[in-house]
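The following note sets out points on the structure shown below.

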Amino acid sequence: MKYSKEWETIVGRFGRWIDFENDYKTMDKKYMESVWWTFKQIFNKGLVYRGSRIMPFSCKCNTVLSNFEANSNYADTKDPAIYVTFPLEKDPNTHLIAWTTTPWTLPSNLATAVNPEFTYVKIFDEERQKNFIILEAQLAHVVKQVKFKKHKVIEKIQGKDLVGLKYIPLFDYFKHLGEGDGTAFTIIEGKFVTAGTGTGVVHCAPGFGEDDYHACVGAKMIKPGGAPMPIDDDGCFKDIIQKYKGMYFKDADPVIMKDLKENQRMISSGTIVHSYPFCWRSDTPLMYRAVDTWFIKVTDIKQDLLKNNEKPKWVPTFV
């Protein structure tokens, strides 16, 4: 409270009116107890539920951030940009190619997504003596990036005809999810897949992307809230990812890339400078990850909120 009077003066100079004589401070016990009381009323109305959602997470602060906070500190940063392959289980000489800037998510890969409405092409690369499946609209771009020296288109395929095909996993950590009745490591439908970037094939790690999560739940690959989460709250790989356990997720990128290259699953690598969200408190990179926590069903009381918003006098009126 040392500078409280200075704060009151500055706020007044901003032209902002606050009733400082009857204010509340979040550090006051009375305020804290009022929040718990309010939360109990909401809970008693059945508006509190336990759920899992993909949310921005600060590993340095060990906490979820709001979307407003996550959007407040974007910065240009250099990340890896790699092309990885997914050989089909029944035709190992034919590979899908996916592009990603997050190699650290690849040990958690459970699916690849294609747009069922797009046209894909199968090309034969004479140098590697292998077939590759790429979005037709991105063929010229991918050929240039991957440096296919001599290739030919041997087939056109509709995205919907690729859905359901199984592929060989990049890593064995979650291999059991694709065995027996498991549906992991399958090509799934993804209408979120666009034609403007990448290869038209999106690698899906449901614990680290909202589209990935919903697509895998929709394909009954995982249950709601059941996305594998092999990274702890500090951003380090857990014991289940034996090769990289204890590594910070960003530090693991070059090691994962080295392993993928040795296993002939990465056919091209480079870097990209893009805008990425950082924690506004610690200035460390955020991670979008599945978080199991408590939520309030605001949508259930939306009409009441809108109705109550009509009661006060808003100044200015456009607010």
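1. Two strands are taken to pair if DSSP finds at least two bridges between them. Helices (H or I, at least four residues) and strands (E, at least two) are DSSP runs, numbered from the N terminus. This is a predicted model, in which local features need pLDDT of at least 70, side-chain atom pairs count only at pLDDT 80 or more, and totals for chains, interfaces and linings use all residues. Residues are numbered from 1 along each chain as its sequence is written, and side-chain values use heavy atoms, with hydrogens and water left out.

2. An open sheet is formed by three strands in the order 2-1-12, with antiparallel pairing. Its edges are strand 2 (63–64) and strand 12 (287–296), each of which pairs on one side only. Strand 1 (residues 48–58) is joined to strand 12 in the antiparallel sense over 10 bridges. Within this pairing, Ile54 has Ala290 of strand 12 as its bridge partner.

3. The salt bridges number 12, each defined as a side-chain nitrogen of Lys or Arg within 4 Å of a carboxyl oxygen of Asp or Glu. One of them joins Arg50 to Asp292, with the closest N and O atoms 3.5 Å apart. Arg50 belongs to strand 1 and Asp292 to strand 12, so this pair ties together parts that are 242 residues apart in sequence. Burial is classed by relative accessible area: buried is under 20%, exposed is over 50%, and partly exposed is in between (1.4 Å probe, protein chains only). Arg50 is partly exposed at 44%, and Asp292 is partly exposed at 48%.

4. Another salt bridge is that of Arg281 with Glu69 (3.5 Å, N to O). Arg281 is in the loop between strand 11 (266–277) and strand 12 while Glu69 is in helix 3 (residues 67–70), so the contact ties together parts 212 residues apart in sequence. Arg281 is partly exposed at 46% relative accessibility, whereas Glu69, at 18%, counts as buried.

5. Strand 12 also carries Arg289, which forms a salt bridge with Asp233. The closest N and O atoms of this pair are 3.7 Å apart. Arg289 is buried at 6% relative accessibility, and Asp233 is partly exposed at 39%.

6. There are 13 aromatic pairs. Rings of Phe, Tyr and Trp (its six-membered ring) pair if their centres lie within 6.5 Å; planes under 30 degrees apart count as stacked, over 60 as edge-to-face and the rest as tilted. Phe132 and Phe148 make a tilted pair, at 5.2 Å centre to centre and 40° between the planes. Both Phe132 and Phe148 are buried. Phe171 and Tyr173 make a stacked pair, at 5.9 Å and 20°, and both of these residues are buried. A cluster linked by ring pairs contains Trp104, Phe208, Tyr248 and Phe249.

7. How many disulfides does the count give? The count is zero, a disulfide being a pair of cysteine sulfur atoms within 2.5 Å. The sulfur of Cys216 has its closest cysteine sulfur, that of Cys204, at 5.2 Å, which is too far for a bond. Cys279 is likewise in no disulfide, its nearest cysteine sulfur being that of Cys61, 4.0 Å away. Cys216 is buried, at 0% relative accessible area, and Cys279 is buried, also at 0%.

8. Lastly, the surface. Helix 2 (residues 29–44) gives the most to a nonpolar patch, with four residues. Phe39 lies in helix 2 and is partly exposed, at 30% relative accessibility.
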